[in-house]
Amino acid sequence: MDKVFLKNLKPLLDAIAEQMELYVPKKLGDYYSFSRYKPADSAEPVFNNIRVSSPAKEFLFPMREMAAVYGGKAETPDIKPFAVFGLKNCDLRGIKILDCVFKEEEFLDPSYVARRDNMFIISSDCFDPAETCFCNMVGGQPFAEEGFDLNLSKVKGGFIVEAGSEKGQKFVKDNMRIFTDLPADAESERDQIRKKSRTRLDEINAEYLLDNPINEIVEGCYDSPLFEEEAGVCVECQGCTRVCPTCHCFYLYDTKQKDYFGKMKMWDSCMRCDYAAVAGGENPRKILGDRSRHRLMHKFVYFLERYGIEMCVGCGRCVEGCAGGSEVRQLLKKLNEELKDKKHTKVTK
Amino acid sequence: MFNSRTYIPRATIIQDIEDLTYDTRLFRLKFKGLGDCDNSSESDYEPGQFVQVSVLGMGEAPISICSSPKDKGFFELCVRNTGGVTGAMQKLEKGDEIGVRGPYGNNFAIEKATGRDCAFIAGGIGLAPLRSVIKYVTAKRADYGKLAILYGARTKEDIVFADELSQWAQIESVEVHLTIDEPQEAWTGRTGVVTTLIGEISDMSEGKCFVCGPPIMIHFTIKELLDAGWTEENIIMTLERHMKCGVGKCGHCYIGDKYVCTDGPVFTYSQINALEVEV
């Protein structure tokens with residue numbers, strides 16, 4: 001891996017913005033959101049210590065788009081290269097999960113693939129995890145080792161810049177003027193910072209330590225009344241599925257325009273009551289508790305069986321965004337206790 | 001595949017429409033222009049597969065193909081009016097254009113039935129997807145053992161493919177048994193639900209049984225078949241779920257860890273049992 005040093009963000013972002021549209025974090029109260037980068041702004045750009053509140057899927061799988069035009073020749077939209085700065089490892093893992101679905105060989109999703117191929121990813125280490133973060137519980141870590149074009153690690157006096165792809169390497173090579181050599185102690189400082197973030201995550205989630213893999217816990221407690229109980233606070237706003245970086249259910253519907261017919265693709269949510277209802281009116285998941293169980297089963301069991309990875313990256317957005325105050329870690333912990341009791345009863349029987 | 005694109009429907013022209021009952025029509029479709037794909041080759045779809053049909057500007061509905069892959073140059077869909085898209089299809093006329101995506105889903109794996117007896121049990125419009133297999137196996141009659149078709153409809157007015165049922169009955173060692181739910185004037189045949197016919201095939205329990213119909217009919221049919229000695233692996237059925245994309249992405253038709261659209265819609269009863277779900 002090629003590593004170089006960068007003193008200030010602005011020259012890097014300016015250089016990227018010269019080549020393509022660039023989206024950067026913007027501070028909004030306690031949170032971050034993405035906005036278009038304007039090189040003319042004289043202020044030093046914002047470096048986000050933690051993930052942005054909106055999920056990265058918005059760049060690849062827009063909330064609503066024209067998926068097909070009837071009689072149209074090409075299905076692929078004309079996407080120009082674009083870059084996103086400020087993604088964290090949880091975001092990159094989320095993208096990897098979406099790739100499993102939309103880049104599945106047999107049926108590629110043309111607009112996803114077009115966006116994905118044109119996306120330049122500049123990630124950065126997360127060094128201030130929030131109370132809602134739990135990537136460490138689902139096999140994650142607060143810094144990326146793959147899945148980026150460039151990754152930034154903030155250290156004293158600047159950033160270590162690492163290229164993680166051919167595109168990234170080419171960018172570094174073409175823009176050597178903005179980088180300097182790595183200071184001698186920068187990498188060991190980075191390792192210290194990374195270790196500290198990990199320790200911080202362990203502290204945050206100490207009370208949620210589980211005794212079994214999450215898929216075994218959720219599957220083993222399939223009949224638990226806890227799903228219905230926990231769903232008691234749910235107001236069915238579907239916010240959890242909107243902010244989730246891996247939720248990818250969508251709805252297709254037809255539109256009639258002046259001179260053509262189109263098929264629209266729009267985000268949907270498995271928490272919606274009629275989500276699974278069939279033509280005759282039957283609904284396999286009428287009850288809210290069944291829907292919230294289905295959501296967890298999909299995340300931790302079905303997806304794992306299908307694609308070999310869990311569909312949760314532990315970003316904590318669903319916890320942060322829940323209008324009813326539901327907390328997935330608490331539910332998992334309760335299920336964990338229930339499974340332990342179950343196993344215990346089995347043994348003593 | 002009729003269609004190499006994921007979301008763009010292929011244009012088809014309605015070549016013929018036959019009113020099978022007061023609410024069910026048979027559409028014969030032909031592709032508009034040949035383009036990059038055509039259905040002139042036999043392998044374009046398999047019995048059991050479905051298509052997403054678009055009434056332009058209105059929406060899509062998943063419909064099983066009910067013709068046989070051996071029918072060349074066209075394919076047929078049997079559509080019952082349940083409102084929405086299927087309701088709009090009742091107003092279509094010969095020469096009108098509709099969109100089609102697919103064919104999607106697995107198939108009845110009919111090759112596994114080679115050399116064996118095959119029973120087909122259908123309720124109502126459930127005969128439509130089975131018609132595709134029945135036409136297929138009767139066209140290759142010598143490859144299979146005894147064939148039996150058990151069909152139940154609500155009333156005699158609800159019977160679909162009546163002419164074909166009597167044609168099939170003429171074929172050597174093909175049995176056809178019909179029933180309607182309640183006695184009716186001018187009906188001399190049997191009455192009662194379709195499960196009352198299962199006694200007719202008691203000597204075929206080593207063979208394959210294909211079941212298609214409304215959930216309640218499937219539920220009781222399976223019970224009877226198991227009691228009559230059929231194994232779970234030999235009971236083959238289709239599942240209905242809300243399918244949107246048809247290509248295993250949109251999440252609507254998830255049932256356990258299976259997508260009905262790509263892993264199904266055809267499942268053996270042993271597979272469904274393992275999913276621990278309601279049919």
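Which residues does Gln52(B) touch, not counting residues up to four places away in sequence?

## Surroundings of Gln52(B)

Gln52(B) touches Glu60(B), Ala61(B), Pro62(B), Gly99(B), Val100(B), Arg101(B), Tyr104(B), Met243(B), Lys244(B), Cys245(B) and Gly246(B), with residues up to four places away in sequence left out. Contact here means heavy atoms within 4.5 Å. The residue is found in strand E3 of chain B, residues 50-55. Helices (H or I, at least four residues) and strands (E, at least two) are DSSP runs, numbered from the N terminus.

With a relative accessible area of 1%, Gln52(B) is buried. The classes are buried under 20% relative accessible area, exposed over 50% and partly exposed in between, with a 1.4 Å probe and protein chains only. A polar atom of the Gln52(B) side chain lies 3.4 Å from the backbone oxygen of Met243(B). Between the C-alpha atoms of Gln52(B) and Thr195(B), which are 143 residues apart along the chain, the separation is 31 Å.

## Basis of the model

This is a predicted model, in which local features need pLDDT of at least 70 and side-chain atom pairs count only at pLDDT 80 or more, while totals for chains, interfaces and linings use all residues. Residues are numbered from 1 along each chain as its sequence is written, chains are lettered from A and ligands numbered from 1 in the order in which they are written, and side-chain values use heavy atoms, with hydrogens and water left out.

## Domains of chain A

Chain A is assigned domain 1 (3-63 + 72-205) and domain 2 (214-348); such bounds come from an automatic or database domain assignment. The contact between them takes 32 residues from domain 1 of chain A and 30 residues from domain 2 of chain A. Their centres, taken over C-alpha atoms, are 27 Å apart. About 2,800 Å² is buried between the two domains, with carbon and sulfur atoms giving 62%. Buried area is the accessible area (1.4 Å probe) that two parts lose on being put together, summed over both. On the domain 1 side, Met63(A), Ile97(A) and Phe134(A) lose the most area to domain 2, together 23% of what that side buries.

The rule finds 20 residue pairs in polar contact across this domain interface, both residues at pLDDT 80 or more. A polar contact is a pair of N or O atoms within 3.5 Å; within protein, one must be able to donate a hydrogen and the other to accept it, and residues adjacent in sequence count only if both atoms are side-chain atoms. Helix H2 (57-60) and helix H3 (89-102) of chain A are the elements that give two or more residues to the domain 1 side. H3(A) gives the most, with 9 residues. By class, that side has 18 nonpolar, 6 polar and 8 charged residues. Ala, Val, Leu, Ile, Met, Phe, Trp, Tyr, Cys and Pro count as nonpolar, Asp, Glu, Lys and Arg as charged, and the others, Gly among them, as polar.

## Interface of chains A and B

In the contact between the chains, 43 residues of chain A meet 41 residues of chain B. The buried area is about 3,300 Å², of which carbon and sulfur atoms give 56%.

The elements giving two or more residues to the chain A side are strand E4 (64-69), H3, strand E9 (250-256), strand E10 (261-267) and helix H10 (288-307) of chain A. That side has 23 nonpolar, 6 polar and 14 charged residues.

## Salt bridges

A salt bridge is a side-chain nitrogen of Lys or Arg within 4 Å of a carboxyl oxygen of Asp or Glu. The count over all chains comes to 45. Across the interface of chain A and chain B the rule finds 3 salt bridges, and the side chains of Arg306(A) and Asp263(B) meet in a salt bridge at 2.9 Å, N to O. The count between domain 1 and domain 2 of chain A is 3 salt bridges.

Lys265(A) and Asp109(A) meet at 2.8 Å, N to O. This pair links distant parts of the chain, with Lys265(A) in strand E10 and Asp109(A) in the loop between H3 and helix H4 (110-117) of chain A, 156 residues apart. Lys265(A) is buried at 2% relative accessible area, and Asp109(A) is buried at 0%. Lys263(A) and Asp254(A), whose side chains meet in a salt bridge at 2.9 Å, N to O, are both buried.
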